[in-house]
Amino acid sequence: MRNPLATLSDDDRALLKARLRKPVLSFLALMGLLAVNVTLGATLPFEQVWTLELVVVAAMALVVLLVSMEVLHEPPLVKLFSGLGFFWVAIMVGMTLTDYLGR
Amino acid sequence: MSARLADGVGTERAHHFETVAQQRYAATLGIWAWLITELLLFAALFLVALIVRIQHPEATQEAARHLKFWIGAVNTVVLIVSSLTMSMAIEFSRLGWQRAMVRAMLATAALGSLFLVLKGYEYYADYTEHMMPFLGSRPYELAASPASRLFVNLYYVATLLHGLHLLTGISLLLGMTWMASKAGFLSRHQNWIEIYGLYWHFIDLIWIMAFPILYVVNR
């Protein structure tokens, strides 16, 4: 096992940079999207702002799922499993809200 | 699952699997099957929050104004940073950089603990502001708005359940860090770090949805 952090060679530094690129970019994307939502929540710029806030949440969830949880790089069956969970949630939310909003 | 493992890093095959690849695949599929059930549990709670908002908009907004918006926002930042440190731990494990991995795991546990401390402070502030309607011995601040109890009680159920998951996650993480600090761990159990990482990111994902649904959209 190597523990090279104390004395990183140029090769180690390049390897580290390549490996941490995606985690750092997804972190920055999540912080940016959170900043948008917090700003919208704190200022309430228009009446239906909640729709935009939920769109931002959906974008954040996609970043976590696809990049942080690496669903993009998983085999097809794992992709299907992760997608199925949200499909079931969509059925539950869709049918319930259809009832409540249609009354 | 990642194929980018350094030399000497890997998984020891259990006897009931034919190959290490099959073992890693089964572990990933297994944790996802469990995470789906967790997703459905939290999604039902969030759906009830939306229904309460639709049925009782004024009472929900009145109750939501008492939530500590900025503490919730800071806690979201804390969990997003912890997701970064967990991702770093996974990458370090793939590289075989054991000491760096252990430090990243400890940082993740520390950030999770910070989240719980801030959440505890938030509950204490709610207590002093009489925003705990389920406590029969204390008056409720919004007693004139009975429907607000629905939202406030739901807020406690959802956040306590998430906190319980986080507390479990921190305990598991500390136990695994202790095991992962021993020589030879990464040559036999590297995939444990990846599987656990999925659970940690999932806890983060749940809070990323809880914060806007409970704190932000009801303002």
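Domain bounds, as the term is used here, come from an automatic or database domain assignment. On that basis, chain A of this predicted model is divided into domain 1, covering residues 8-69, and domain 2, covering residues 74-103. The centres of domain 1 of chain A and domain 2 of chain A, taken over C-alpha atoms, are separated by 23 Å.

For chain A, the UniProt record, in an unreviewed entry, places the feature "transmembrane region" at residues 24-44, 50-68 and 80-101. Two of these stretches can be described from the model. Over residues 50-68 of chain A the chain is 100% helix and 0% strand, with end C-alpha atoms that lie 26 Å apart. Residues 80-101 of chain A are likewise 100% helix and 0% strand, and here the end C-alpha atoms are 30 Å apart. In the loop between H2 and H3 of chain A is found Glu70(A), a residue that has a positive phi of about 60° although it is not a glycine. Glu70(A) counts as buried because it has 20 C-beta neighbours inside 10 Å, and the cut-off for a buried residue is 20 or more.

The two chains meet at an interface in which 41 residues of chain A are in contact with 41 residues of chain B. On the side of chain A that touches chain B, the elements giving two or more residues are helix H1 (10-43), helix H2 (49-68) and helix H3 (76-102) of chain A. Of these, H3(A) provides the largest share, with 13 residues.

Chain B contains six helices and zero strands, and its pattern, read along the sequence, is α-α-α-α-α-α. The C-alpha atoms of chain B fill a box of roughly 65 × 30 × 30 Å, taken along the principal axes. Of the 219 residues in chain B, 43% are buried.

Over residues 31-55 of chain B, the chain is 100% helix and 0% strand, and the end C-alpha atoms are 36 Å apart. For residues 154-178 of chain B, the chain is again 100% helix and 0% strand, with end C-alpha atoms 36 Å apart.

After H3(B) comes Gly96(B), whose phi is positive, near 80°.

The largest nonpolar core has 74 residues, of which Ala89(B), Met101(B) and Leu214(B) touch the most other members. The elements that give two or more residues to this core are H1 and H2 of chain A together with helix H1 (20-55), helix H2 (57-64), helix H3 (69-95), H4, H5 and helix H6 (185-216) of chain B. H6(B) gives the most to this core, with 20 residues. When its neighbours within four places in sequence are left aside, Ala89(B) is in contact with Met101(B), Ala104(B), Met105(B), Thr108(B) and Ile193(B).

Two further residues of chain B can be considered individually. Ala125(B) has its place in helix H4 of chain B, and it counts as partly exposed because it has 14 C-beta neighbours inside 10 Å. Ala125(B) and Ser181(B) are 56 residues apart in sequence, and their C-alpha atoms are 39 Å apart in space. His130(B) lies in the loop between helix H4 (98-128) and helix H5 (148-180) of chain B, and although His130(B) is not a glycine, it has a positive phi of about 60°. With 15 C-beta neighbours inside 10 Å, His130(B) counts as partly exposed.

Key
Residues numbered from 1 in each chain as written. Chains lettered and ligands numbered in written order. Predicted model: local features only at pLDDT ≥ 70, side-chain atom pairs only at ≥ 80, totals over all residues. Contact = placed C-beta atoms within 7 Å. Helix = DSSP H or I, 4+ residues; strand = E, 2+ residues; numbered from the N terminus. UniProt positions renumbered as here; feature names shortened; annotations may be inferred. Buried ≥ 20, exposed ≤ 12 C-beta atoms within 10 Å, placed from the backbone. Core = buried A, V, L, I, M, F, W, Y, C linked by C-beta atoms within 7 Å.
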